[in-house]
Amino acid sequence: MPDAERIYEAMKKSIETYDSDAAVAAAEEAVAAGLDLLEAVEVGFANPIRELGESFHRMEIFLPELTMGADAMKAGVDVLERALDESGGKIEKKAVVVIGTVEGDIHDIGKSVVATLLHANGYQVHDLGIDLPATRIIEAAESHSADVIALSALLSTTMLYQRDVVELLQNKGLKDKYYVLVGGAPVTQAWADEIGADGFAHDAFDAVQVLDKAMEGRAK
Amino acid sequence: MNFKEIAKRCETGPLTESKDFLMKSVAANAMKLTKEYEVSWDGKTFVNLDDEMADRCWQAGKELFLKTGIYSMNSTRVIEFSEEEVEESLRFVQPQLAMGAGKDRVVAHHRQVEDSRKPFVFCGPFNANVHEEMFVRLNEAFSREKLVDCLFFPGYLNEVDGQLIRPTSALATRMAILYGQWSREAVRRAGRPDMAIAGHAVMAPSEIACTNEEWGLRSTDPRAIVLISELQVDDVSMTRLAYYQAYGCPIYMAFTPLIGGYGGNPAGTAVVAVASFIASAMLGGEVVHIGPQHMNYKQQTNQHSLFLSSLANQAIARNSNIIATTSHTTSGRPGDPQYAREFSALALASVTSGSNVSGPRPAEPLGFNNVSPLMGRLFAEVAHAAAGLSREAATPIVEALYETYKDKMDLENAPKGEPFEDLYDLTTLEPTAEHQAVYDQVKGELVRLGVPLH
């Protein structure tokens, strides 16, 4: 279908050129042309953003480009999602993730990169921000019906708060409801095991792989 | 510049969202200026040899800082500076700084590119996790090393009496007091009672509690403040800075530019690094520490970091009086030769580029006490030896060392090393024969490569 190919190409180009306006225009064209919107999301936006993520990993592009590409994708996918909602359709997500930096820690960049790459790889991501008390993280997980709680800590002093989140989940009887992923400069697999977290990721790319494996067959 | 005025601007500067500051101000301007000033990396160079590019990097970084200012994360306001304020502050930067007291008094200097003057050596556990039972002993061993000018970051005490410590808790204050007492005890035991101790106990206001003229850290001890990447400060750091400045402590300001981050490639990140050096000086930093981070590696001996450190340090050395020092973190860990090969490569690149040295430390220490005073000795010896070298002479040695570890930079697969208690005889506080053999082996390798070690 030449129309579809042209529109998918425009979507892809909007990601490659980090152009949110172009992404919205291409998405609106896809809706107007009556394309299969689920296919449009996958072919037009998801594949190119994954390629962008791989370029970022190879350091062919850098954080500003990745961020702008992710913003363009979000702008375009929002248009497709609204149209799908109206027609009773739904974009499948691998899982719903709430992510944030724990209390006492204001480091944002690493956590934001993880959020961006998870989003690019088909996860619905709610980035809660930084310096988050355990109660707020759990409240957000409950309100977003999350599958995954991802916790970042950049300091060996603040990683203690990752333990507090897991402990509070246990106290509330909610631990089995969520997959808890921990990461950050001082965090190790041994620490994850010690506090009862379900997974540990060295970096943003590892986070995608760890969650892909853990969430297999859980698309929603 | 007057600290009161800076603190005031935290509350009165233009309100800006964090993402806008990083994307529209830092990233957009860094990319534009890097291109405009033709600051680049050819993908091959380890140590920059292009003086004109170092000067362009300085110009680009200064212009970047004038456009960005510093972001106050808590007030979400930008602390802006005029060109006149920046020029005047840079004019009054002091090129030397005394630390410690009495016969243990030492002076750090601004160094030039290929300066024959020995670099100042900040050396110690460098914030590795140190267990309370070993804290005094291993810091005593570091302090015994004669080439160490200042005991550097005596280690994180993240548990006391078996209890993990929350950074804002009462236990954190108790820990900070013990940190001060035990650090002072360590230098006393080493026979250097007034030795400078660079302090960085916890990332919380309670760190102030380790300050005490009799038993703790003194007004002659440098105190560390760390900027958040890129060009950002938070209330905790500013609170500590307000206290340390008023108390009269030398200010050791650190920043960690992210390669692959908002500055982009190593050249763009060098421009951000220069802006961060200037930001540090504006905030009152008297020694400024560059500790590059990398999107793919957590350590600082990868080729990108080697180039960035050389270029940014040369820009500072050639165009300002700022006393620069470079952080040395590695993939390999103490007890394995890779650790020493890595820190030697970076020391050769940074010292010939006009920097002093801080470190070394494994980027990811395993467990407690993953540090070695003997490796601190070799680090200082290499840094001193590098002071006599040209960049051209240092480059092939850096390249040869890099070849030995380039395939083992992944932290998971890098040599695990051993903790202090396995590397040292705790009765005599001397290295074990096996650890001494690692020192002898790498020192021999370095001599054969052309490092003028004695």
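Predicted model: local features only at pLDDT ≥ 70, side-chain atom pairs only at ≥ 80, totals over all residues.
Visitor: Thanks! Are H4(B) and H8(B) roughly parallel or roughly perpendicular to each other?
Guide: Helix H4 of chain B covers residues 83–91 and helix H8 of chain B covers residues 266–282. Their axes come within 10 Å and cross at roughly 75°. That angle falls between 65 and 115 degrees, so H4(B) and H8(B) are roughly perpendicular.

Visitor: Which residues of H8(B) does H4(B) meet?
Guide: The residues in this contact divide into 5 nonpolar, 1 polar and no charged. On the H4(B) side they are B:Val86, B:Ser89 and B:Leu90. Their partners in H8(B) are B:Ile278, B:Ala281 and B:Met282.

Visitor: And H3(B) with H9(B): at what angle do the axes cross?
Guide: Here we look at helix H3 (residues 51–68) and helix H9 (residues 303–319), both of chain B. These two are also roughly perpendicular to each other. Their axes come within 8 Å, and the crossing angle is roughly 85°.

Visitor: How many charged residues are in the contact of H3(B) with H9(B)?
Guide: H3(B) brings B:Asp51, B:Ala54, B:Asp55, B:Cys57, B:Trp58 and B:Gly61 to the contact. H9(B) answers with B:Leu311, B:Ala312, B:Gln314, B:Ala315, B:Arg318 and B:Asn319. Alongside 6 nonpolar and 3 polar residues, the number of charged ones is 3.

Visitor: Which element gives the most to the largest nonpolar core?
Guide: This core has 228 residues, and A:Ile149, B:Cys57, B:Val271, B:Val274 and B:Val398 touch the most other members. Top contributor, with 12 residues, is H8(B).

Visitor: Between which domains of chain A does this core lie?
Guide: The domain assignment divides chain A into domain 1 (2–86) and domain 2 (96–215). Both of them give residues to the core. The core therefore lies between domain 1 and domain 2.

Visitor: Which residues beyond its sequence neighbours is B:Val271 in contact with?
Guide: B:Val271 is one of the core residues that touch the most other members. Setting aside neighbours within four places in sequence, its contacts are B:Ala30, B:Leu33, B:Thr34, B:Val39, B:Cys57, B:Ala60, B:Gly61, B:Leu64 and B:Gly263.

Visitor: Back to chain A: how far apart are the C-alpha centres of its domains 1 and 2?
Guide: The two domains do touch, with 10 residues of domain 1 in contact with 8 residues of domain 2. Helix H3 (37–57) and H4 of chain A each supply at least two residues of the domain 1 side. By class, that side has 6 nonpolar, 3 polar and 1 charged residues. The C-alpha centres of the domains lie apart by 27 Å.

Visitor: Which helix gives the most to the side of chain A that touches chain B?
Guide: Between the chains, 17 residues of chain A are in contact with 27 residues of chain B. The chain A side has 9 nonpolar, 7 polar and 1 charged residues. The element that gives the most, with 3 residues, is helix H4 (residues 63–86) of chain A.

Visitor: Where does B:Glu230 lie?
Guide: B:Glu230 is joined to B:Ser229 by a cis peptide bond with omega about -15°. The place of B:Glu230 is the loop between strand S10 (223–226) and strand S11 (232–233) of chain B.

Visitor: Is B:Leu231 buried or exposed?
Guide: B:Leu231 sits in the loop between S10 and S11 of chain B and has a positive phi, near 60°. Most residues other than glycine have a negative phi. The cut-off for burial is 20 or more other C-beta atoms within 10 Å. With 27 such neighbours, B:Leu231 counts as buried.

Visitor: What is phi of A:Asp131?
Guide: A:Asp131 lies in strand S2 (residues 124–132) of chain A. The residue is partly exposed, with 19 other C-beta atoms within 10 Å. Although A:Asp131 is not a glycine, its phi is positive, at about 55°.

Visitor: Finally, which residues of chain A is B:Gly261 in contact with?
Guide: B:Gly261 lies in the loop between strand S13 (258–259) and H8 of chain B, and it counts as buried with 26 C-beta neighbours inside 10 Å. Its contacts beyond four places in sequence include B:Ser229, B:Glu230 and B:Met295. From chain A, they include A:Phe62, A:Leu63 and A:Ile109.

Technical notes: Residues numbered from 1 in each chain as written. Chains lettered and ligands numbered in written order. Contact = placed C-beta atoms within 7 Å. Helix = DSSP H or I, 4+ residues; strand = E, 2+ residues; numbered from the N terminus. Nonpolar A, V, L, I, M, F, W, Y, C, P; charged D, E, K, R; others polar. Axes fitted to C-alpha atoms, helices over the stretch in contact; angles between N-to-C directions. Parallel < 35°, antiparallel > 145°, perpendicular 65-115°, else oblique. Core = buried A, V, L, I, M, F, W, Y, C linked by C-beta atoms within 7 Å. Buried ≥ 20, exposed ≤ 12 C-beta atoms within 10 Å, placed from the backbone. Domains from an automatic or database assignment.
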